Amino acid sequence: MKKFVLFVMLMMSGASVSAQRWSLMPEVGMMAVKRGGPSYNYRLGHTWNARWKIGVGAEYVVRPGHFSLKSGLYYTQRGYLGHVVSFGSIYPMAEGRSEAVFSEINSKWNRHFLQVPLMANFSFRLTDHVRLNLAGGPYVAWSMGDKNSFGYMEYEKTDEENVYSWQGSGFSNDKWTHDHPFDWGLSFQAGVEVTSWMINVGYDVSLGKEFQYDSAGLKYHTLSLSVGYKFKLGK
């Protein structure tokens, strides 16, 4: 990690040598995130859920009009939403209690990251003012905090004077954790650049650990759609 961050800093320090090759690109967009790979709570049925992405990219042109290096600093999110409904109770059945019991579990985990990618970018001119950009490379990220929310509700069928109804009870818990903040993975991006405006579609695959005793491997799939503007420096 230290060598990767040092390389990115050295790359950006070269701006004074050839400022005209540098650009800054503020971006904002939405992400769709889904938990991937093995999970300790696989029964929660992870689905795609919406998150935010915002940051500033930096681009250094190696070969004008054809090849460049992209990096930057972005605020991104990862996590999951889970919901499962099942029959039965987590508590021992008391004497005289109805066997008609069903329960539901709601779980939400939201991780807040600062992410630094390093991507090789290939550029193709489509028209005089439109270019297609294809980029890919590794990223590293650091979590600023993880919020874990968990809720459990169970419903028991009651009969009062031949009127049937469901009575609910349960508990919920919210907490902030910071168990294993470092993450890494791969980033891929395809974008269209019209004059100085950009529309980018991205895909990130998270490969780092989530917990201290976790193993490295596929954790999250992230799709993103963002818009930005390119400010060329040194002119």
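How much space lies in the largest pocket? About 460 Å³.

**Before you start**

The model is predicted, so local features need pLDDT of at least 70 and side-chain atom pairs count only at pLDDT 80 or more, while totals for chains, interfaces and linings use all residues. Residues are numbered from 1 along each chain as its sequence is written, and side-chain values use heavy atoms, with hydrogens and water left out.

**Whole protein**

Show the cartoon. The protein has 1 helix and 11 strands; helices (H or I, at least four residues) and strands (E, at least two) are DSSP runs, numbered from the N terminus. The order from the N terminus is α-β-β-β-β-β-β-β-β-β-β-β. Of the 235 residues, 38% are buried, where buried means under 20% relative accessible area, exposed over 50% and partly exposed in between (1.4 Å probe, protein chains only). Among contacts (heavy atoms within 4.5 Å) with a separation of 6 or more, 68% join residues 24 or more positions apart.

**Stop 1: the largest pocket**

Select Gly65, Arg131, Glu193, Lys230 and Lys232, which lie nearest the centre of the largest pocket among its 26 lining residues. Strands S1 (22–35), S2 (49–63), S3 (67–87), S5 (119–125) and S6 (130–160) each give two or more residues to this lining. On a 1 Å grid over the protein atoms alone, a pocket is an open set of points with protein on both sides within 12 Å along at least five of seven lines, a cavity is a set of points where a 1.4 Å probe fits but cannot get out, and lining residues have an atom within 4 Å of a point. Grid points are joined across faces, edges and corners, and a volume is the space filled by probe spheres set on the points.

**Stop 2**

Elements giving two or more residues to the lining are S1, S2, S3, strand S4 (101–117), S8 and S9. The largest share, 5 residues, comes from S9.

Keep Lys53 and Tyr74 on screen. Lysine 53 lies over the face of tyrosine 74, at 5.0 Å from the ring centre. A charge sits over a ring if NZ of Lys or CZ of Arg is within 6 Å of the ring centre and within 35 degrees of the ring normal. Arginine 78 is placed over the face of phenylalanine 113, at 4.1 Å from the ring centre.

**Stop 3: the nonpolar core**

Select Met31, Val33, Tyr80, Trp109 and Tyr220: these 5 residues make up the largest nonpolar core, that is, a set of buried Ala, Val, Leu, Ile, Met, Phe, Trp, Tyr and Cys residues joined through side-chain atoms within 4.5 Å. Beyond its neighbours within four places in sequence, methionine 31 has contacts that include Asn49, Trp52, Lys53, Thr76 and Leu223.

**Stop 4: strands S8 and S9**

Select Phe188 and Tyr203. Their rings form a stacked aromatic pair, 6.5 Å centre to centre with 15° between the planes. Rings of Phe, Tyr and Trp (its six-membered ring) pair if their centres lie within 6.5 Å; planes under 30 degrees apart count as stacked, over 60 as edge-to-face and the rest as tilted. Phenylalanine 188 lies in S8 (182–194) and tyrosine 203 in S9 (197–206), so the pair ties together parts that are 15 residues apart in sequence. Phenylalanine 188 is partly exposed at 40% relative accessibility, and tyrosine 203 is partly exposed at 29%.

Move to glycine 191 in S8, which is buried at 2% relative accessible area. Its C-alpha is 8.3 Å from that of arginine 131, 60 residues away along the chain. Contacts of glycine 191 beyond four places in sequence include Arg131, Ile199 and Asn200.

Asparagine 200, in S9, is also buried, with a relative accessible area of 3%. From asparagine 200 to serine 224 the C-alpha distance is 7.9 Å across 24 residues of sequence.

Which residue has a positive phi of about 55° although it is not a glycine? Threonine 195, in the loop between S8 and S9. Threonine 195 is partly exposed, at 48% relative accessibility.

**Stop 5: the ring cluster**

Finish on Trp197, Tyr229 and Phe231, which ring pairs link into a cluster. The count of aromatic pairs comes to 5.
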